[in-house]
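Look at the sequence and the structure, then follow each step.

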Amino acid sequence: RVSSDFTSHRAMATLLAGGLFATRALFKYNRKNFMFDKHLKQEREFQEQDMRVVQFGLYREDVRDLVELTVGKMDLYLVSA
């Protein structure tokens, strides 16, 4: 009887140790993926900011072109009048 109790306690301890090891491995795996995803998210946000800066540069260029066109037309009207 004592032998079977010892065996059952030993089996429980082995299962508990295995469960703790599996939990630790899962946590490390999830943390590694979390850190990888965090890095990618930061890179994506920086890329979005860079694209917005370029986009607004293009808007400014369009406004500059429209203003130059208007000024050019006004100069032409002034010369011909």
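Q: About how many helical turns separate arginine 52 and glutamate 48 in helix H1?
A: This is a predicted model. Both residues sit in helix H1, four residues apart. Because of that spacing, the separation is about one helical turn.

Q: What joins the side chains of arginine 52 and glutamate 48?
A: The N to O distance between these side chains is 3.8 Å. The cut-off is within 4 Å, for a side-chain nitrogen of Lys or Arg and a carboxyl oxygen of Asp or Glu. So arginine 52 and glutamate 48 meet in a salt bridge.

Q: What is the N to O distance in the salt bridge of glutamate 48 and arginine 44?
A: Glutamate 48 and arginine 44 are four residues apart in helix H1, which spans residues 2-80. That puts about one helical turn between them. Their side chains meet in a salt bridge, N to O, at 3.6 Å.

Q: Which residues are linked in a network of salt bridges?
A: The structure holds two salt bridges. Glutamate 48 meets arginine 44 in one, and arginine 52 in another. The linked residues are Arg44, Glu48 and Arg52.

Q: Is glutamate 48 buried, partly exposed or exposed?
A: Buried means under 20% relative accessible area, and exposed means over 50%. Glutamate 48 has 33% relative accessibility. That value falls in between, so glutamate 48 counts as partly exposed.

Q: What is the relative accessible area of arginine 44?
A: Arginine 52, at 45% relative accessibility, counts as partly exposed. Arginine 44 is partly exposed too. Its relative accessible area is 47%.

Q: Are the rings of phenylalanine 56 and tyrosine 59 stacked, tilted or edge-to-face?
A: A search of the whole structure finds one aromatic pair. The ring centres of phenylalanine 56 and tyrosine 59 are 5.3 Å apart, and the planes stand at 85°. Planes over 60 degrees apart count as edge-to-face. So this pair is edge-to-face.

Q: How many residues apart are phenylalanine 56 and tyrosine 59?
A: Phenylalanine 56 is partly exposed at 45% relative accessibility, and tyrosine 59 is partly exposed at 41%. Both lie in helix H1, about one turn of the helix apart. In residues, the spacing is three.

Definitions and conventions
Residues are numbered from 1 along each chain as its sequence is written. This is a predicted model: local features need pLDDT of at least 70, side-chain atom pairs count only at pLDDT 80 or more; totals for chains, interfaces and linings use all residues. Side-chain values use heavy atoms; hydrogens and water are left out. Helices (H or I, at least four residues) and strands (E, at least two) are DSSP runs, numbered from the N terminus. Buried means under 20% relative accessible area, exposed over 50%, partly exposed in between (1.4 Å probe, protein chains only). Rings of Phe, Tyr and Trp (its six-membered ring) pair if their centres lie within 6.5 Å; planes under 30 degrees apart count as stacked, over 60 as edge-to-face and the rest as tilted.
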